[in-house]
Amino acid sequence: MPIDAARALAADPRQGDIGWDHKDIQLYHLGLGAGLPATDPDELRYTLESELHVLPSFATVAGAGMAMLGGLGQPGIEVNLAHVLHGGHSIELHRPIPVKGRATSSSKVAAVYDKGKAAVIVLRSEVADADGPLWTSDAQIFVRGEGGFGGERGPSAKEELPGREPDRVEERHIREDQALLYRLSGDWNPLHADPEFAKMAGFDQPILHGLCSYGMTLKAVVDTTLGGDVSRVRAYRTRFAGIVFPGETLRIRMWQEPGRVLASVTAVERDDAPVLADTVVEHS
């Protein structure tokens, strides 16, 4: 069987050292569309080293996605990468991410769920530096054709949106070159840059990275509902519900509740086609 759940779960974590500095942070923020207008004090917090803070979703690219790559190479996980989709992602912040740091990442398969016609593998990365834990990141990997092995179906992450109009609606335009810039943070999949590769995958043109939409959404929430204070973010999770193309516009609907913000993200130009769903930002 390509997926041996018991073997994968019993495997020792894979450990590695990661590091970053202000250049990595600035490049990541620019890849999310930060810096417009270039002299706006609120944007300088993302682009100017003397003012810099770190958007918590940087955790998804620190170490160039080591957790996902390491997890898919674990014992018991033998899958066709053509059948692999990034189904969702969550991060839990233990404290604010420093602008410069060195840390140890410990990656493992945290869960394997049987969805019938597919399997979901949860790849967990726990990152800590000399001062203690920094963040925990879970990538939910959907593998078509690998279900039916009799495992647990797993929890539902469905979030019911409030039955009222959103408290805030923001739109964020995706630049034509945004995927080309974002991929410099470590995701080199040609699906996001090569038109011929995108056509072979069934798309008319390259698509934006799901984790770029993920970061753009968190930035919009922080900037508009959390007073621009990244340190207030405690956790952030979403499900990737659809694609978006460079040149399109994200419509981000937000509902504020005590201690959290719910969000729904759609593509404006395609009649509000879903992009992110079941999206929650937990905050102080």
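Student: What is the bridge partner of Leu250 in S9?
Tutor: Ala267. The model is predicted; local features need pLDDT of at least 70, side-chain atom pairs count only at pLDDT 80 or more, and totals for chains, interfaces and linings use all residues. Residues are numbered from 1 along each chain as its sequence is written, and side-chain values use heavy atoms, with hydrogens and water left out.

Student: What makes S8 and S9 a pair?
Tutor: Two strands pair if DSSP finds at least two bridges between them. S8 (residues 249-257) and S9 (residues 260-267) have 8 bridges, in the antiparallel sense. So they pair. Strands here are DSSP runs (E, at least two residues), and helices are runs of H or I, at least four residues; both are numbered from the N terminus.

Student: What lies between S8 and S9 in the hairpin?
Tutor: 2 residues. Gly259 in the turn has a positive phi of about 80°.

Student: How do you know that S6 pairs with S8?
Tutor: S6 (residues 168-173) and S8 share 6 antiparallel bridges. The definition asks for at least two, so they pair. His173 stands opposite Thr249 in S8.

Student: Which residues of helix H2 are called buried?
Tutor: Ile25, Gln26, Tyr28, His29 and Gly31, in H2 (residues 22-31). Buried means under 20% relative accessible area (1.4 Å probe, protein chains only). These residues pack against S1 (14-20), H3, H5 (178-182) and H7 (210-225). Gly33, with a positive phi near 95°, follows H2.

Student: Which residues does Thr47 touch, beyond four places away in sequence?
Tutor: Gln26, Leu30, Ala34, Gly35 and Leu52. Contact means heavy atoms within 4.5 Å. Thr47 belongs to H3 (residues 41-47).

Note on methods: Buried means under 20% relative accessible area, exposed over 50%, partly exposed in between (1.4 Å probe, protein chains only).
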